[in-house]
Amino acid sequence: MIRPEKIIAELAARQDEALDLWAELDENGLFPGENEDKTAFINRCRSIFDFYRRMECELRENGAAVSAFGLKLRREARIPEDIMREASAKTGKLYGFKINWAKGFFVTEKMGLLWGGSSWYDPQSGEMVFIVRPAFKYRKKWFIYRRDELLAHELCHVAHTPVADDKLEEFFAYQTSDSRFRRYLGNIFVRGMDAFIFIAPPFILLAVQMMNIFAGTGIAEWPFWALIGLVPAGFLIRNQRSRNLYFRAKTKLEQLKVKLPQAVLFRCTCREIAAIAAARSDGELRAWLIERIKSTQRFKIIGYRFLREIADETE
């Protein structure tokens, strides 16, 4: 596989449409975000690879590097390529990309009792790394997590970064799981505060009960009991609505004989997925896709790789 840095350099030098190069980068998990033109895309990719060069230099000289997020990344804790290939097999099958350029590390910092891994991106420095629990260095499974699905999960976050749309971010990442339960509930927490909101009602109720007992406040408790049921129900309803939207869009693409509809949707914003799902006929959807392929670089690449028959109609 050609290193993405070389493809980026060749793309910068090319004056034609160069869809073959864009497609190679897409296969490597590098594609433009919404409204990101060629210059902005190349600059973003270069900043990532410039960061990796600086980090490699620091790892060689000092044996460790400190990330922009305060994590100490040790040279001997780097995730080896053979383990990375386990994850690429999953992302390739699901979403049509395999990443061998992102840097991953086993970290020893305490990140939480049940924490398995996470990815980090700093647009200012170009830092893009992902970290996983050190237990996975020697084991393929820890607690409920499998190493290949966890790494594939983090690589989905790495690739999905330019889409900058978090409404289905976790949904896509959790589709790498072998567990139907995790695939179903993976998108229940969409934003950083969601987990805290989810668990807050029982603690609020406890606080009210303590105030009533020790301070004699006489606050009615029934609204807080209701919250204990309503808040999880709200999260479940939102999760199901997101799933319904995705699967409606997937069905519409399947009706057009698209071979890898999930790869197309992975590269779409939630607004675009909603537009696909709302198409009233195959002809309407085909016309919408043709318009997007004509007007956006991201969809030109999608057309070139996954919608070739439809893309040919734009020529």
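Asn239 touches Tyr184, Leu185, Asn187 and Ile188, leaving aside residues up to four places away in sequence; contact means heavy atoms within 4.5 Å. The model is predicted: local features need pLDDT of at least 70, side-chain atom pairs count only at pLDDT 80 or more, and totals for chains, interfaces and linings use all residues. Residues are numbered from 1 along each chain as its sequence is written, and side-chain values use heavy atoms, with hydrogens and water left out.

**Asn239**
- Asn239 sits in helix H9 (residues 222-255); helices are DSSP runs of H or I with at least four residues, strands are E runs of at least two, and both are numbered from the N terminus.
- Asn239 counts as buried because its relative accessibility is 1%; buried means under 20% relative accessible area (1.4 Å probe, protein chains only).
- A polar atom of the Asn239 side chain lies 3.0 Å from the backbone oxygen of Tyr184.

**Largest pocket**
- A pocket is an open set of points on a 1 Å grid over the protein atoms alone, where a 1.4 Å probe fits, with protein on both sides within 12 Å along at least five of seven lines; lining residues have an atom within 4 Å of a point.
- The largest pocket holds about 1300 Å³ of space, the volume being that filled by probe spheres set on the points.
- Its lining has 41 residues, with Tyr145, His153, Glu170, Tyr174 and Phe189 nearest the centre.
- H5 gives the most to this lining, 6 residues.

**Second largest pocket**
- About 480 Å³ of space lies here.
- The second largest pocket is lined by 22 residues; Arg3, Glu81, Asn100, Trp101 and Lys103 lie nearest its centre.

Methods: Buried < 20%, exposed > 50% of the residue type's maximum accessible area, 1.4 Å probe, protein only. Polar contact = N/O pair within 3.5 Å; in protein donor to acceptor, adjacent residues only side chain to side chain.
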